[in-house]
Amino acid sequence: MFQHGEFRATLGLENGFGLTLSINQRAVKPKIERTFHEVALNQSRNAYRGPNIRMALVDEKLPSRSVIVKPADILAYDLVQGADVRWSYILDKSVPEPPTAVLLHGILGSRKNWGTFARRLAKEFPKWQFLLVDLRCHGDSTSLKKRGPHTVASAALDVLKLLGQLKLTPRVLVGHSFGGKVALSMVEQVAKPLARPVRVWVLDATPGKVRAGADGDDHPAELISFLSKLPIEVSSKKDVVNALVQDGFSMDVAQWVVTNLRQTRINGTSSSSFYWVFDLNGIAEMYQSYEDTNMWKIVEDVPRGVHINFLKAERSLHRWATEDIRRIHVAEEQAVEEGGGVEMHVLEDAGHWVHADNPDGLFRILSFSFQGF
């Protein structure tokens, strides 16, 4: 179990998503939490002291000099495993890789947004495991101090590097809002053809232009601007919630935003304050990239073996233009002829926060992606 030492091995790894990594790997014993019948492996670091990853697509050459890197040096993550999963990237390599799904949060979110939903999936589908990550500049990945540019593409590349280090080939990618474009960018960046079919879910996001909601809706760009005016440390979550609501943001969004606050004790006193666990400058750059990034090419020319599902929330604050929906339906017909797949779904009784507004409906729609294993 590597409790009293470590193993080191220099090797070139290629995972089914088309990544080759040259690593000198050190085993670390993961922290294990048992909830219900699944296992959650939590990996994050408070500070990044490791070297940069050397990474290339499969048709590129890597330097012979290896580097030492652990998955938690790339992104903070949780691995929620069903009761039948016995796999671990640092343990017995003879254990077959279980089917894996990657769940990606939206802008100003974190992997915790998916925690309850992932545990429910793991309970219902015990042969599966679910990888939840904090994207760059978000949550516990903020301390890793990623180099810019902070874009949809660089966020996608981070996740691909993590998968390569874990030696996992996901069968399902689920991304909410910004995370949906990250999932599409992951498919765009990997070598083709894919090692195995992959199903992509883009939740309440279009492939192209981001259209603001109607008057009275919560606008992410305005929210980021408002947060940038707040101090780095605040004395009360309630004060932040009140300030957001007074400025016109909804109570739901205000309460969601303060999940990014962590409590810290003031030295020498019994008092405490709260600090933000995100890099707001980096997030502002990421959101601008989200607005500017156009992923229609991958949707209208779907690689063989890829099935892309778009889910529109019935009460979405993001306007889905008639032209967007028309292009997706055209892509549906074309993908069938070319061996890929594109589908459009609507989640009733839900706003933009689909996994909070209607988790039962979302669960029913996503479930068929995990059946048959």
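**Figure 1. Asp78 is buried, at 14% relative accessibility.** Buried means under 20% relative accessible area, exposed over 50%, and partly exposed in between (1.4 Å probe, protein chains only). The model is predicted: local features need pLDDT of at least 70, side-chain atom pairs count only at pLDDT 80 or more, and totals for chains, interfaces and linings use all residues. Residues are numbered from 1 along each chain as its sequence is written, and side-chain values use heavy atoms, with hydrogens and water left out.

**Figure 2. Arg111 forms a salt bridge with Asp78.** A salt bridge puts a side-chain nitrogen of Lys or Arg within 4 Å of a carboxyl oxygen of Asp or Glu. Here the closest N and O atoms are 3.1 Å apart. Asp78 sits in strand β7 (residues 77-81), Arg111 in the loop between β8 (100-104) and α1, 33 residues apart. Helices (H or I, at least four residues) and strands (E, at least two) are DSSP runs, numbered from the N terminus. Arg111 is buried, with a relative accessible area of 3%.

**Figure 3. Asp140 forms salt bridges with Arg111 and Arg262.** The closest N and O atoms of Asp140 and Arg111 are 3.1 Å apart. For Arg262 and Asp140, the N to O value is 3.2 Å. Arg262 lies in strand β13 (residues 261-265), Asp140 in the loop between β9 and α2, 122 residues apart. Asp140 is buried at 16% relative accessibility; Arg262 is partly exposed at 23%.

**Figure 4. Salt bridges link Asp78, Arg111, Asp134, Asp140 and Arg262 in a network.** The whole structure holds 11 salt bridges.
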